[in-house]
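Please look over the model shown here.

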Amino acid sequence: MPEQDVVALLPLKPAVFHILLSLAQGDLHGYGMMQGVREASSGHVDLKTGPFYRHLKRMLETGLVREVDRPADVDSRRGTYYGLTPLGHDVLRAEGRRLSELLGLTRRLGVLSGG
Amino acid sequence: MSPMGHRLIGALMRLYPQDFRARFGAGVTFALEEEHRAARRRGIGPLVAFWITTAWNTLREGLRERLFRAPVGTSRRGLEINGRWERGVGEMITQTIRDLGLALRRMSKRPAFAVAGIVTLGLGIGATTAVFSVLNTVILRPLPYGQSDRLVLVGHRSDQSTLGIPNGGYLEYQNRSGTLADLAIYTEATATFPINDEPYELGLIRTTPNLFELLRVSAARGRTFVPEDVVEGAESVTVISHGFWQRMYGGDPDVIGKPVIEGSQTLVVGVMPEDFDFIRPEASVVFGNAFEAPDLFFPIAIRESEARFGNFMYQGIARLAPGATLEEARTELYRLMRDATEHYTYGGGHTRQSLDEGNYVPRVETLKDAVVGDVARVLWILMGTLSLVLLIAAANVANLFVLRAESLQKELAVRTALGASRRSLARWFLAEGLTLSVLGGVLGLAIASFGTRAVLRLAPGDLPRMDELGVDPVVLGFALAVSLTAGVLFGLVPVARSRNLDSVTLTMGANRTVTDGRSRGRTREALVVGQVAFALILLVGSGLLLRTFASLRSVDPGFGDSNVVTFKLALDGSQFDGELQRAQFMLNVADRVAELPGVTHTAFSADLPVDGNEWSDVIATPDAIPEPGALGDNTLRVFAGARYLSAIGAELVRGREFEALDFADYPRVAVVNQAFVEKRWPGEDPIGQQIAQWYDEQDPQGDVWYTVVGVVGDIRERSLVQEPEPTVYLPTVFLPESDFAMFVTNQTLLVQTAGPPHEIIGSVREEIRAIDSQILVDGVRTLAQLTAGSMQQVTFAMVLVIISAVVALALGIVGIYGAVAYTVGQRTREFGVRIALGATAGNIRSSVLRRGSTIGLTGIAIGLGGAALVTRVLQSLLFGVSVVDAPTYGVVAAGLLVLVLCAGLIPAQRATRVDPVRAMSAD
């Protein structure tokens with residue numbers, strides 16, 4: 001995947017970043033992703049169903065996530081399962097790197113230890 | 001998942017476009033249902049929050065999907081993922097959606113402001129819309145006839161009563177009037193008839209053949225009447241209603257030309273259209289409006305050879321000649337009326353002299369006025385008052401916005417300083433105003449549609465045209481227009497006020513004044529004074545109607561209404577050999593039913609009290625036989641059966657009532673009431689006196705004399721509000737050749753019970769079926785229901801006025817609370833200073849309360865004056881209470897004052913808790 005494609009997508013909206021994060025552990029259905037986001041962010045990112053699916057649709061269109069086969073033992077009511085695409089992995093990594101660089105910078109400048 | 005929640009989510013899903021649903025529908029639904037379940041577990045608050053956010057989110061996202069559908073796979077990478085997508089073609093729309101969302105969010109942070117605004121608008125719009133719907137249906141909509149504004153009711157009035165038209169009057173007016181283009185007369189009657197084995201009460205109209213042409217309506221099938229239908233020897237014909245056609249013939253298209261009932265000589269010649277309704281002016285003078293819509297019309301001939309000016313038994317409807325006015329018609333008819341007494345004299349009738357003595361005058365008024373009557377005035381006043389209340393409510397909400405703009409002044413100034421354009425500020429307020437007013441409008445519509453439905457349920461059966469009632473498109477448009485206009489105005493007022501926002505002075509805190517500008521406070525207080533005044537007027541109206549209601553309840557109707565059920569039995573005349581046999585059959589039924597357990601007394605009768613269904617007759621006594629032509633006094637005449645008076649709990653003052661034995665042969669006994677005795681035989685013994693119904697010498701009933709066997713206490717026969725009149729009670733049996741036989745086709749069985757009356761209804765029905773399975777039982781009502789029916793119009797007006805009063809009161813109290821609370825807010829610093837200087841809580845409280853009570857007292861004073869003027873329109877509905885009833889005014893005023901003080905108390909209490917340090921340091 002060309003590097004500039006990935007860079008063009010940064011910085012990510014927090015919701016998008018968290019959704020990508022939730023899929024990093026494995027494929028999930030929509031509601032599972034929402035719950036994953038909620039738990040991982042300790043409730044700080046409270047995604048409602050409507051906005052969540054707007055993001056999901058854009059991410060599908062952009063090629064960050066894709067539809068995957070539903071595991072055989074899962075109730076079909078839960079809807080489609082989704083997984084990260086290679087681009088999704090790249091973007092997640094790039095955003096993570098960007099954030100950690102920012103965090104490192106912040107630390108070096110002593111912003112966090114002040115008060 | 002509750003089925004309701006499931007359905008709601010399903011409905012919400014439809015907001016998304018089809019392709020979105022196909023791709024994500026299952027996932028979205030599942031997620032929503034899971035969220036719903038979780039919210040429900042956490043309680044009602046989270047559940048409500050869930051529905052609000054879900055509705056809003058789905059609406060917003062669905063709209064967005066529909067508006068900006070990006071084809072999958074296009075190279076719009078990055079957009080939306082990092083937030084840059086918004087700057088697109090749909091910026092404005094997206095922005096609007098966002099503005100509305102922000103407005104909602106801001107409002108949810110200040111729920112008091114939002115709720116006050118929405119409820120104020122909702123109540124105002126709702127109440128106005130509901131009353132306007134009623135008004136529009138009953139009054140504004142024209143009657144469903146061609147050029148209906150030219151239709152008039154024609155009748156007569158005398159000293160004593162409102163009367164119809166005699167046949168001589170019809171001929172005179174129809175042939176010689178220049179102001180009436182056409183005149184039709186009719187009478188009403190009812191008959192119970194089986195259709196598919198169900199008893200059905202038919203409304204019958206006998207009319208001159210020109211009625212339909214006069215109303216400018218034609219038949220849907222076949223024809224209406226022609227003059228040839230009433231010539232001597234013509235075939236007997238009938239025109240039927242759409243409803244009767246459907247019920248009786250199942251909508252048979254070939255009904256024209258068939259006999260109306262199998263074996264009948266009368267042929268159906270026409271079927272009226274489905275939307276045809278024969279709207280009759282008012283309770284018929286003679287019969288009362290016994291049925292809602294007529295089923296069968298029969299033509300009658302009015303023959304010169306049998307006409308006279310007496311016996312005003314017909315109702316008249318006419319069409320004014322082009323150019324003629326009501327006044328001209330009245331003048332002309334007055335002249336013609338006097339001529340008629342000489343032109344038509346068959347069997348006597350009135351003379352010019354007797355007309356003058358009784359102050360007889362023709363009555364001509366537009367059909368619409370006659371139909372709508374007194375209710376119209378009440379509705380107009382309600383409408384007027386409520387419109388003002390709505391205006392004030394809107395002004396109040398506008399005020400709320402101004403206050404808010406002021407409290408946000410500093411924020412606005414900061415935003416302006418940071419570069420926010422006036423446009424974006426305007427959008428902010430507009431979004432808020434629109435959101436609030438649209439929500440208010442939605443609430444208002446809900447209140448209105450609920451209100452109209454409630455009104456429909458309460459409306460008296462004889463209130464004209466109520467079946468047409470609904471929230472109609474005009475009203476809907478009206479409410480929407482009001483709420484949208486209000487929204488734009490609310491949004492713009494603060495923007496206009498912020499025109500002279502100077503960011504420097506504002507941020508510097510130059511508004512460190514101690515109190516608010518005086519003039520603005522005055523305007524607001526004037527509005528509140530108005531609200532209090534209107535609330536008082538409406539409350540006084542409610543009070544007067546409540547007292548009317550109470551007086552009606554306490555009227556002694558002359559009978560007891562406890563534990564009596566009436567059963568109307570339709571007895572086919574052909575089953576019996578005349579009236580006498582029918583009466584004996586009724587006696588047999590009454591006796592059998594009397595043996596049922598729980599039944600204490602039975603009786604039968606043709607008439608019932610307070611059902612407005614009585615005749616007036618001329619009653620002769622041997623020493624007062626009316627001269628031929630003279631009409632004497634009209635006396636109420638009731639046809640009663642055996643044991644009737646004791647069954648209804650009337651008080652027998654002397655002698656006895658009709659017993660079963662009287663009906664062994666054609667009975668010749670009568671009972672009279674006390675009013676009759678006082679009038680005819682003051683100081684004499686009435687028992688044994690002779691009376692007779694008197695029409696004229698040709699009348700077969702004319703020479704039948706009845707012997708008075710008893711005197712009964714006065715009973716209100718017509719309605720609760722009408723004083724008892726001199727009344728005679730005659731046995732409900734006629735000579736075989738009597739004219740009257742045709743009218744009395746129903747007999748009523750009265751059953752008095754030991755326990756609750758409704759418990760025996762089933763067993764009585766069974767017993768009657770056992771006696772004769774052919775008998776149709778109908779009209780099962782308790783006497784209490786009859787009495788309640790007599791109070792319906794008052795109840796109806798009362799409920800309407802009370803609803804309006806409550807709305808006005810609620811708005812007034814919110815207004816007072818708002819005004820006082822605002823004053824307190826403005827004077828916080830002043831109170832802080834005063835408290836710092838040693839003012840006690842009492843000082844502060846009374847200072848605030850004084851302001852509130854001044855507003856309240858001014859409003860009450862103005863309202864009292866207004867009430868004395870405005871409640872006059874209720875006059876005709878009031879009973880047993882004066883329009884200027886001091887106790888009502890006093891109680892209402894005192895109660896309102898207390899409420900006003902309470903509304904001021906909360907902010908006053910808050911004022912006493914002002915922390916001086918904070919108050920003075922806050923800018």
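The model is predicted.

**A helix pair in chain A**

Two packed helices are described by the angle between their axes and the distance between the axes. In chain A, the axes of helix H2 (residues 14–24) and helix H3 (residues 30–40) come within 9 Å. They cross at roughly 105°. Angles of 65 to 115 degrees count as roughly perpendicular, and H2(A) and H3(A) are therefore roughly perpendicular to each other.

H2(A) brings A:His18, A:Ile19, A:Leu21, A:Ser22 and A:Leu23 to the contact. H3(A) meets them with A:Met33, A:Gly36, A:Val37 and A:Ala40. By class, six of the residues in this contact are nonpolar and three are polar, with no charged residues.

**Where the chains touch**

Chain A gives 26 residues to the contact, and chain B gives 23 residues. On the side of chain A, H3 and helix H4 (49–62) each give two or more residues. The largest share, ten residues, comes from H4(A). The classes on this side of chain A are tabulated here.

| Class, side of chain A that touches chain B | Residues |
|---|---|
| Nonpolar | eleven residues |
| Polar | seven residues |

**A buried helix in chain B**

How many of the ten residues of helix H6 (residues 167–176) of chain B are buried? Seven are, so H6(B) is largely enclosed by the rest of the structure. The buried residues are B:Asn167, B:Gly168, B:Gly169, B:Tyr170, B:Leu171, B:Glu172 and B:Tyr173.

Methods
Residues are numbered from 1 along each chain as its sequence is written. Chains are lettered from A and ligands numbered from 1 in the order in which they are written. This is a predicted model: local features need pLDDT of at least 70, side-chain atom pairs count only at pLDDT 80 or more; totals for chains, interfaces and linings use all residues. A residue is buried if 20 or more other C-beta atoms lie within 10 Å of its own, exposed if 12 or fewer, and partly exposed in between; C-beta atoms are placed from the backbone. Helices (H or I, at least four residues) and strands (E, at least two) are DSSP runs, numbered from the N terminus. Axes are lines fitted to C-alpha atoms, for helices over the stretch in contact, and angles run from 0 to 180 degrees between N-to-C directions. Angles under 35 degrees count as roughly parallel, over 145 as roughly antiparallel, 65 to 115 as roughly perpendicular and the rest as oblique. Two residues are in contact if their C-beta atoms, placed from the backbone, lie within 7 Å. Ala, Val, Leu, Ile, Met, Phe, Trp, Tyr, Cys and Pro count as nonpolar, Asp, Glu, Lys and Arg as charged, and the others, Gly among them, as polar.
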